[in-house]
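Subject: Handover of a structure and the findings on it

Dear colleague,

Please find the structure below, together with its sequence. My notes on it follow.

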Amino acid sequence: MGAARSSTLGAFSLSLAVKDIRASRDFYLKLGFAQFGGDIGQNWLILKNGSCLIGLFQGMFEQNILTFNPRWDENARETPATRDIREIRQRLERLGLEIRDFAESGPAGPASFTVLDPDGNPILFDQHV
C-alpha cells in the first residue's frame with residue numbers, strides 16, 4: 001500500500017538546510033552517496049544512494065523539508081503516469097489541508113506548493129515538468 005500511494009506523489013527526497021554545504025557534501029559522500037545534480041557554486045546539491053535522494057541547500061531556507069517531485073522518478077526522468085501536481089493539490093484541499101505558497105506557470109507543467117504536517121514540518125510538492 002505505501003509504495004503505490006507514494007508513487008502517485010512522485011520522487012521523494014529530503015531537502016536539508018545545511019550550514020556548510022562542502023562539509024555536508026563530504027559527510028554524505030562518506031556515507032556512500034554520490035553527487036547527482038546541483039551546483040555547489042549556487043549552494044545546492046542533490047546526492048543519491050540507490051533510490052534515496054538528499055538535497056543539500058545552504059542559505060535557501062530555514063528548516064529541513066520533505067520534498068515530492070510529481071511527474072519525476074528518482075532518476076529525474078519524467079513519469080507522465082503519475083498525478084499532475086494540480087490534481088494532488090485539489091485532492092489535499094478536499095481533504096481539508098491548507099495549501100501554502102502555491103505557484104504555477106499555467107494550467108499544465110511546472111508548479112509548486114507546500115503543506116505543513118501537524119508538527120509544522122514543511123512538505124514541498126515541486127513539479128518541474
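Two strands are taken to pair if DSSP finds at least two bridges between them. Helices (H or I, at least four residues) and strands (E, at least two) are DSSP runs, numbered from the N terminus. This is a predicted model, in which local features need pLDDT of at least 70 and side-chain atom pairs count only at pLDDT 80 or more, while totals for chains, interfaces and linings use all residues. Residues are numbered from 1 along each chain as its sequence is written, and side-chain values use heavy atoms, with hydrogens and water left out.

The sheet

Eight strands make up an open sheet of mixed pairing, in the order β2-β3-β4-β1-β5-β8-β7-β6. Because β2 (34-39) and β6 stand at the edges with a single partner strand each, one side of each has no neighbour in the sheet. From one strand to the next, the twist averages 20°; angles here run from 0 to 180 degrees between N-to-C directions, and axes are lines fitted to C-alpha atoms, for helices over the stretch in contact.

Strands β6 (residues 100-104) and β7 (residues 111-116) run antiparallel and are joined by three bridges. Arg100 has Thr114 in β7 as its bridge partner. Six residues lie between the strands of this hairpin, where Gly109 takes a positive phi near 90°. Strand β5 (residues 65-69), by contrast, pairs with β8 in the parallel sense over three bridges, and Thr67 stands opposite Leu124 in β8.

Two helices pack on the sheet. Helix α2 (residues 21-30) touches β1 (11-18), β2, β3 (44-49) and β4 (52-58), and its direction makes about 160° with that of β4. Helix α3 touches β6, β7 and β8, with its direction at about 30° to that of β7. Contact means heavy atoms within 4.5 Å.

The nonpolar cores

A nonpolar core is a set of buried Ala, Val, Leu, Ile, Met, Phe, Trp, Tyr and Cys residues joined through side-chain atoms within 4.5 Å. Buried means under 20% relative accessible area, exposed over 50%, and partly exposed in between (1.4 Å probe, protein chains only). The largest core has eleven residues: Leu9, Phe68, Ile85, Ile88, Leu92, Ile99, Ala111, Phe113, Val115, Ile123 and Phe125. Two or more of these residues come from each of α3 (85-94), β7 and β8 (122-127). Apart from this core lies another of nine residues, including Leu16, Phe33, Leu45 and Ile54. Within the largest core, Ile123 is in contact with Ile65, Leu66, Phe68, Phe113, Thr114, Val115 and Asp117, leaving aside neighbours within four places in sequence.

Individual residues

Asp84 lies in the loop between β5 and α3. Its relative accessible area is 11%, so Asp84 counts as buried. Not counting residues up to four places away in sequence, Asp84 touches Arg71 and Gln127. Its side chain makes a polar contact with that of Gln127 at 2.9 Å. A polar contact is a pair of N or O atoms within 3.5 Å; within protein, one must be able to donate a hydrogen and the other to accept it, and residues adjacent in sequence count only if both atoms are side-chain atoms.

Lys48 lies in strand β3 and is also buried, with a relative accessible area of 15%. Beyond neighbours within four places in sequence, Lys48 is in contact with Gly32, Phe33, Ala34, Phe36, Leu53, Glu74 and Asn75.

Yours sincerely
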